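Notebook open, structure loaded. I want to look up a few things and jot them down as I go.

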Amino acid sequence: MKPTPGLRRQFIQSLAVMALSIIFIAVFGSYVFYAIASAYMPGSISETWIPSRVEMIWIGCTIATALAMSVFVAIRLSRRLITPLNSVAHSLREVAQGNLTARAPLDEQATGETAQLVRDFNVMAERLQSMTREREFWNAAIAHELRTPVTILRGRLQGLAEGVFDPSDELFEGLLRQVEGLNRLIEDLRVLSLRDSGHLDIQRTKVRLADELSVVLRAFAEPLAAKGFHLHDELDADLLVECDALRIRQALMALLENALRHADPCNLRVRLEQIGKDCQLSVEDDGPGIDSELTSEIFEAFSRGDPSRSRKSGGSGLGLAVVKAIAEAHDGHATCRASGMGSSFIISWPARTRVAQR
């Protein structure tokens, strides 16, 4: 496609053509007029500084032609400049009044910067509408996730206050679990908010990451065993990894909690290894698998691999989004891929590693 000239070039070209045309009509036309008048109407040429009637008609025709050309050029330029600007201004007023569906129509005559302005405005309006929809979805999703634990806490505490429930260790442990769940939800939301604002800072240090991750695996050993999982860890204990150990532990906890809620009781393999110049941490289960079409979306907030999954499995829908945020904060990425009948969740990041000396 031939590139459209910019507005400055169009203005220069249009005004130059208009000026040259008027000069041509005034100069060349005068020669033609006087040549014809001298040949056929010699008495019509004035011999004084006052123009004759015929000369006045010629002057009037020249002025009218010049005005017509000026009006034509002005209308042509205004259609390319004023019309798109008015369209954008009208749509801006609509957006300011809350109509986020307003779009500026692109006139066929609009070219150059004005056409680009209309396109950029429409893209901006589309993104604003999309962000508003996402914000509304987030508000509804967060309210939904908070409602259940808050309702349970309120009911249990009210029951204790009214004597409906007798104080017991089991009751207090249940309340504590609800509080811990709320705390995890708040922390997940904080991490994602920091990621979106570009303030998710990490503190990279050289650590023996296998030792750090072993602490998490020991903490999850009992809950995993109670659900029927057989945990197998393959952690390279000789690697000193440059990373934020606290955040990597947080990511592993999210992956293990995801397996607890959604994977069938099976063998669960946790690996830490160096592949090329990347450090890779993976959690692999034996099923059920995830549809390949959903693997690209599963790390988005409030996204679940199986839309029909019952809510009884629990979870806020934020865990894998937090894993992705932590991986990206380390200049890495998070992926999900099929592994036999199950799935493998992997986070990898560039890490200067070396073998630890024992």
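Predicted model: local features only at pLDDT ≥ 70, side-chain atom pairs only at ≥ 80, totals over all residues.

First entry: what is the place of Ile36? I looked, and Ile36 sits in helix α1, which covers residues 7-40.

I traced five strands in an open sheet, in the order β2-β4-β5-β7-β6, and the pairing is mixed. Which strands stand at the edges? They are β2 (230-235) and β6 (333-339); each has a single partner strand, so one side of each has no neighbour in the sheet. From one strand to the next, I get an average twist of 15°.

I took a closer look at one pair. β5 (residues 278-284) and β7 (residues 342-350) run antiparallel, and seven bridges join them. For Ser282, I found the bridge partner in β7 to be Ile346.

Last entry: which helices go with the sheet? I have α5 (residues 209-226) packing on the sheet, where it touches β2, β4 (267-275), β5 and β7. The direction of α5 makes about 180° with that of β2. I also have α7 (residues 319-329), which lies across β6 and β7 and runs at about 125° to β6.

Note on methods. Residues numbered from 1 in each chain as written. Heavy atoms only, no water. Pairing = 2+ DSSP bridges. Helix = DSSP H or I, 4+ residues; strand = E, 2+ residues; numbered from the N terminus. Axes fitted to C-alpha atoms, helices over the stretch in contact; angles between N-to-C directions. Contact = heavy atoms within 4.5 Å.
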